[in-house]
Amino acid sequence: MTMKKQINLLRGWPNPSLLPTVAIQTAAQAALSDPAISTPGLLYGPDPGYQPLRESISSWLSRFYGNPLQDGETAADRAERICITGGASQNLACALQVFTDPLYTRAWMVAPCYFLACRIFDDSGLKMTAVGEGEEGVDLKALEDGLQAYERDVEIAETLKRPKPWSKIYRHVIYLVPTFANPSGRTMSLTCRMSLVHLARKYDALIISDDVYDFLQWPTSSTSQPLTTAILPRLVDIDRTMEPVPGEDSYGNAMSNGSFSKISGPGVRTGWAEATPKLAYGLSQCGSSRSGGAPSQLTATIIDSLLRSGDLERHIVTELLPGYKRRYQLMLSAVKRHLVPLGVTVMEDKIDGKNVFGGYFLWLELPRLVDAEVVSIACQEREDLIVAFGKMFEVEGDESIKFSNSLRLCFAWVDEEDLEDGVQKLSRALRDVMDGKASIKTLKDDMGEFK
Ligand SMILES: Cc1ncc(COP(=O)(O)O)c(C=O)c1O
């Protein structure tokens with residue numbers, strides 16, 4: 001009997017062929033062979049992180065997001081807005097430690113939600129409420145209704161934490177992935193971004209925006225030109241420039257959580273936060289950074305070399321953009337061939353009229369009454385295919401917004417030649433569930449109409 005090959009469309013990792021191993025080797029060699037770099041790299045770093053990397057990130061981001069330096073502004077001034085982190089996950093934990101309080105702060109999670117974020121909020125003792133994405137990226141009406149009701153019905157609590165001169169405790173935190181979202185692939189429109197910043201200012205909320213997929217974008221039309229600048233401003237850019245512009249003493253209302261995980265490799269465990277200088281400084285005063293210095297100090301010197309040589313941007317443009325575009329097209333056409341005829345729909349987002357897609361994921365809606373968890377179990381049992389089902393992306397402690405019909409497929413991890421096979425396996429399992437052939441213990445009664 002031949003064993004079926006396992007295909008894993010759940011794992012949100014880059015395929016090993018997409019890792020810039022040689023460029024990282026060169027960067028590590030350059031960093032470690034110069035004592036002016038290797039010595040600080042091997043010692044404790046300053047709390048906000050390795051200064052040359054703060055500056056090289058800031059000039060790279062100003063090119064990518066189209067924010068040239070303004071009159072009298074230097075690269076070092078801009079770098080005050082950046083704090084080096086140990087990646088988006090680690091920094092989310094630090095930001096919640098410094099700027100929230102379990103008694104005073106309420107968390108609002110845009111759903112479907114990056115599922116591993118919930119535990120980080122839970123670790124900080126925060127209660128979470130789900131808010132839908134709506135058509136534009138976040139359901140603003142539901143969010144504002146929720147914020148208003150909270151202010152009306154919940155007494156302003158004392159904070160558990162003592163006040164600190166380097167931080168403030170926000171009343172609310174809004175967590176989301178506004179561009180090429182994990183899991184839905186959706187991108188928030190510009191008007192929605194602006195309205196969200198308005199709301200955050202009105203209700204004393206800190207928006208924590210995981211901007212980890214912004215660089216992985218491609219046109220979905222026939223043009224082959226790579227997209228080397230951002231299609232939309234980040235929420236943190238809007239908060240920086242929208243009137244009334246936050247003053248020097250303001251913490252602002254948005255933090256961008258950036259990461260090198262998806263554009264170099266998750267093992268580098270290095271990222272950055274961008275916010276007002278005051279918030280970036282407060283973040284650097286998190287207890288673990290005060291004690292150990294900024295995270296990922298040695299890797300920060302290597303990433304700095306990777307950025308300054310131009311190798312990282314070259315890798316993104318020559319390897320990642322065409323590679324992910326090809327993978328996306330392969331998976332999308334397989335979905336259209338094998339799943340759409342079964343009644344499945346796929347999110348193909350149009351961003352403010354532009355034909356652009358990006359990130360790692362396709363989000364599917366199964367025919368009504370087909371339970372995605374049942375399909376996912378059938379995939380595993382019958383086809384040795386691993387897929388993520390919608391329930392995984394509901395908000396912990398508030399399952400009021402359900403995704404029982406949805407599946408997430410990742411096109412980044414498996415080998416290219418397995419993308420179509422994976423989708424075919426899914427279509428066989430889905431057909432079996434719909435025909436009532438899958439003998440699955442959790443099969444629901446209301447699946448009867450497919451038997
Ligand atoms: C939205 C989102 N945030 C954060 C992360 C993790 O980022 P990091 O590796 O920088 O901790 C991921 C990885 O899948 C992600 O999709």
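**Figure 1. A nonpolar surface patch made by three leucines.** Leu 32, Leu 42 and Leu 298 make a nonpolar surface patch of about 270 Å². Patches are made of residues with over 30% relative accessible area and no salt bridge, with like charges joined within 9 Å and nonpolar side chains (Val, Leu, Ile, Met, Phe, Trp, Tyr) within 5 Å. A salt bridge is a side-chain nitrogen of Lys or Arg within 4 Å of a carboxyl oxygen of Asp or Glu. Accessible areas come from the Shrake-Rupley method with a 1.4 Å probe, and for residues only the protein chains shown count as cover. Leu 32 belongs to helix α1 and is partly exposed, at 45% relative accessibility. Here buried means under 20% relative accessible area, exposed over 50%, and partly exposed in between (1.4 Å probe, protein chains only). The model is predicted: local features need pLDDT of at least 70, side-chain atom pairs count only at pLDDT 80 or more, and totals for chains, interfaces and linings use all residues. Residues are numbered from 1 along each chain as its sequence is written, and side-chain values use heavy atoms, with hydrogens and water left out.

Figure 2. Helix α1 covers residues 21–32. Helices (H or I, at least four residues) and strands (E, at least two) are DSSP runs numbered from the N terminus. From first C-alpha to last, the twelve residues of α1 reach 16 Å, close to the 16 Å expected at 1.5 Å a residue; the expected span is 1.5 Å times one less than the number of residues. Ala 23, Ala 27, Ala 28 and Ala 31 are the buried residues of α1. They lie on the same side of α1 because they cover an arc of only 135° around the axis, the arc being that of the directions from the helix axis to the C-beta atoms. An α-helix has 3.6 residues a turn, so residues three or four places apart point the same way. Thr 21, Val 22, Gln 25 and Gln 29, on the other side of α1, are exposed. The cover over the buried residues includes α2 (35–42), α12 (297–308) and α13 (311–338).

**Figure 3. Leu 96 in helix α5.** Leu 96 is part of helix α5 (residues 88–99) and is buried, with a relative accessible area of 0%. Leaving out residues up to four places away in sequence, Leu 96 touches Ile 120, Phe 121, Ser 124, Leu 126, Lys 161, Val 173 and Ile 208. Contact means heavy atoms within 4.5 Å.

**Figure 4. Asp 239 in helix α9.** Helix α9 (residues 235–241) holds Asp 239, which is buried at 3% relative accessibility. Apart from residues up to four places away in sequence, Asp 239 touches Val 197, Arg 201, Pro 246, Gly 252, Asn 253 and Ala 254.

Figure 5. Most residues other than glycine have a negative phi, and most peptide bonds are trans. The bond from Ala 111 to Pro 112 is cis, with omega near 10°; Pro 112 sits in the loop between β3 (106–111) and α6 (117–123). Glu 243 and Pro 244 are also joined by a cis peptide bond, with omega about -10°, and Pro 244 is in the loop between α9 and β8 (254–259). Asp 204, in the loop between α8 (190–202) and β6 (205–210), has a positive phi of about 55°. Arg 269 has a positive phi of about 45° and lies in the loop between β8 and β9 (271–274).
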